[in-house]
Amino acid sequence: MRYPLRSLFALLLALLVAGCGFHLRGAGGSDLPYRTMYIALPETAEVRIWLERYIRSSGDTEIVGDAKQAAAVFQQLGDNRQKTILSVNAQGRVREYRLQLDYTFRLVDGQGRELVAPNKIALTRDISFDDSSVLTKDIEEGILWRDMNNDLVNQIMRRLSLIKPKDPTATEED
């Protein structure tokens with residue numbers, strides 16, 4: 001008698017969760033409103049590599065090798081990364097650094113008309129520093145930069161899937 005009751009409870013719970021619209025978050029943004037996309041970055045650029053992975057795994061958008069064939073062209077307008085001193089100890093030695101990433105992008109169509117206006121993403125991470133463990137702190141910094149890249153691409157994908165593209169044929173009066 002116990003097992004049918006548990007099964008019924010599990011079924012009711014599943015129906016409740018399905019009915020409320022709950023769904024697991026995907027790899028980034030899915031269902032981009034573009035059939036084809038060209039990424040105007042060098043093939044070895046980390047942002048390009050991560051973007052291609054997310055786009056290929058998240059929907060029907062195809063990455064093409066020619067900007068003229070693309071419905072949308074991703075353009076990087078700025079990528080500024082810097083490491084600044086956040087605090088020092090009483091002896092004047094660095095205790096904390098701040099890692100800052102400022103990234104700006106936009107989307108244009110194959111003819112260069114703007115589809116998505118320039119978007120800026122700013123990310124920061126703080127990292128403590130200790131002279132006695134320079135190697136481990138260097139590794140930690142590398143992991144933080146990688147985490148920031150992942151966060152950057154997640155935000156780019158969310159914005160691209162949420163922002164309605166401008167109609168390039170519309171006039172200002174429309």
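Okay, ground rules before we start. What we have is a predicted model, so local features need pLDDT of at least 70 and side-chain atom pairs count only at pLDDT 80 or more, while totals for chains, interfaces and linings use all residues. Residues are numbered from 1 along each chain as its sequence is written, and side-chain values use heavy atoms, with hydrogens and water left out.

So, the overall picture. There are 3 helices and 5 strands in the protein chain; those are DSSP runs, H or I of at least four residues for helices and E of at least two for strands, numbered from the N terminus. Going along the sequence, you read α-β-α-β-β-β-β-α.

Now the sheet. The 5 strands make an open sheet with mixed pairing, in the order β2-β1-β3-β4-β5. Pairing here takes at least two DSSP bridges between two strands. Out at the edges sit β2, residues 62–63, and β5, residues 114–128, each pairing on one side only. On the β2 side, β1 (residues 36–40) runs parallel to β2 over 2 bridges, and M37 has I63 in β2 as its bridge partner.

What about the helices? Helix α2, residues 46–58, lies across β1, β2, β3 (72–88) and β4 (94–108), at about 170° to β1. Helix α3, residues 134–162, lies across β1, β3, β4 and β5, at about 155° to β5. Those angles are between N-to-C directions, from 0 to 180 degrees, with axes fitted to C-alpha atoms, for helices over the stretch in contact, and contact means heavy atoms within 4.5 Å.

Is L135 buried or exposed? Exposed, with a relative accessible area of 61%; the cut-offs are under 20% for buried, over 50% for exposed and partly exposed in between, using a 1.4 Å probe and protein chains only.

Last bit, the whole chain. Of the 174 residues, 31% are buried. And among contacts with a separation of 6 or more, 68% come from residues 24 or more positions apart.
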